[in-house]
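This report describes selected features of the structure shown below.

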Amino acid sequence: MVRNLYTLMKTTFYLFCLSFILIANISYAQHDPLADAAAIHYKIIAERSHKSSLFTQGLLVKDGKFYESSGLYEKSQIVAYPVAEPEGSWAKLSAPFSQKQHLPDRFFAEGLTLLNNKLYLLTWQEGTLFVYDAANFNLIKNLNYKGEGWGLATDGKSLIRSDGSAQLFFHNPESFSVEKTIDVKYKQEIMNNLNELEYAEGFIWANIWHDNRILKINPTSGEVVGVIDFSEIIKNLKLRDTESVLNGIAYDADKKAFWITGKQWPKMFLVKIQH
Ligand SMILES: [Ca+2]
């Protein structure tokens, strides 16, 4: 009797442990560190076409113009085109860009930002920052840096770079030396794969690579203070290439709204954050 009771207790204990491990595994597989982060709601207030040949890496708006960088080896370029879409089908025009500049074949263009009439362009693994005159796209100079280049933005003082990790690097715009870094996290959990960036309304906004969400980040602490989920827009686009991910954030200061697009997307959307 005592022996049977012991066996029963042992079996019960094993079953308890097994179910605990199974439950722990299931919840681990479904673990979403941002599940309880503050959801930011938005409204689409306009849309327009986007050249689906562009492998969007950086996007910004300045004085009624888009500036966009497009990646891939042998195809990398920066382009500019008016925010106001001309009549007819803009995306079908053979020369839709008001300005463009190709990169040498061995460079893979990444994040792009504009400060004091200069365009700053990162390259993925080539450690080269290109600096162009924003007025005519002439190359002014290039600088070297260590590590990968993913996204680039500016707060008006520093150039802020992502490298696919959870760290953001604040560079001096003249020398491109790193002056400080922050770690992006939500409740102590680090947020890897930060990609295209934008600085607006006092916050850093970041795409997460292969994720439908954009993070709103406190630029001092690195803490995620909100999340915008664009799954609905992406579902409606019915994109076929798995690399056609959300990767363009440009703040339109006049409209106080964000243009968003992605790699090889046929459309761009102007979204207003609901405060
Ligand atoms: Ca941007």
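Beyond residues up to four places away in sequence, Tyr73 touches Asp105, Arg106, Phe107, Phe108, Trp124, Gln125 and Glu126, where contact means heavy atoms within 4.5 Å. The model is predicted, so local features need pLDDT of at least 70 and side-chain atom pairs count only at pLDDT 80 or more, while totals for chains, interfaces and linings use all residues. Residues are numbered from 1 along each chain as its sequence is written, and side-chain values use heavy atoms, with hydrogens and water left out.

Tyr73 is located in the loop between strand 3 and strand 4. Strands (E, at least two residues) and helices (H or I, at least four) are DSSP runs, numbered from the N terminus. With a relative accessible area of 35%, Tyr73 is partly exposed; buried means under 20%, exposed over 50%, and partly exposed in between, for a 1.4 Å probe and protein chains only. The side chain of Tyr73 forms a polar contact of 2.6 Å with the side chain of Glu126. A polar contact is a pair of N or O atoms within 3.5 Å; within protein, one must be able to donate a hydrogen and the other to accept it, and residues adjacent in sequence count only if both atoms are side-chain atoms. Between Tyr73 and Pro104 the C-alpha to C-alpha distance is 8.7 Å, at a sequence separation of 31 residues.

The protein chain as a whole has 2 helices and 22 strands. Of its 275 residues, 48% count as buried. Among contacts in the protein chain with a separation of 6 or more, 51% are between residues 24 or more positions apart.

Two strands pair if DSSP finds at least two bridges between them. Axes for such angles are lines fitted to C-alpha atoms, for helices over the stretch in contact, and angles run from 0 to 180 degrees between N-to-C directions. Lys65 has Pro82 in strand 4 as its bridge partner.

A second open sheet contains 4 strands in the order 1-22-21-20, with antiparallel pairing. Strand 1 (42–49) and strand 20 (246–252) are the edge strands, each pairing on one side only. Here the average twist between one strand and the next is 25°. Trp259 stands opposite Leu270 in strand 22.

| Strand pair | Bridges |
|---|---|
| Strand 3 (residues 65–70) and strand 4 (residues 77–82) | 6 bridges |
| Strand 6 (residues 109–115) and strand 7 | 5 bridges |
| Strand 7 and strand 8 (residues 128–133) | 4 bridges |
| Strand 21 (residues 257–262) and strand 22 (residues 267–273) | 3 bridges |

Strand 7 (residues 118–123) is mostly covered, with 5 of its 6 residues buried. Leu121 of this strand is opposite Leu112, and its bridge partner in strand 8 is Phe130. The hairpin of strand 6 and strand 7 has 2 residues between the strands, and Asn116 in the turn has a positive phi of about 50°. In the hairpin of strand 7 and strand 8, 4 residues lie between the strands and Gly127 takes a positive phi near 60°.

Asn207 belongs to strand 17 (residues 203–208) and counts as buried at 0% relative accessibility. Its side chain reaches the backbone nitrogen of Gly248 at 3.3 Å. Apart from residues up to four places away in sequence, the contacts of Asn207 include Glu196, Arg213, Gly248 and Ile249.

Glu196 and Ile249 also take part in the calcium site. The protein donors of the calcium ion are Leu59 (O), Glu196 (OE), Glu196 (OE), Leu197 (O), Glu198 (OE) and Ile249 (O), at 2.4 to 3.0 Å from the ion. Donors are N, O and S atoms within 2.8 Å of the metal (3.2 Å for Na, K and Ca); water is not among the atoms, so sites may look incomplete. The spacing of the donor residues in sequence is L-x136-E-L-E-x50-I. The arrangement is irregular because the 6 donor atoms subtend angles of 45 to 174°; six donors count as octahedral if opposite donors are over 155 degrees apart and all others between 65 and 115. Glu196 is buried at 0% relative accessibility, and Glu198 is buried with a relative accessible area of 10%.

Notes: Four donors count as tetrahedral if all angles lie between 85 and 135 degrees; four count as square planar and six as octahedral if opposite donors are over 155 degrees apart and all others between 65 and 115; anything else is irregular.
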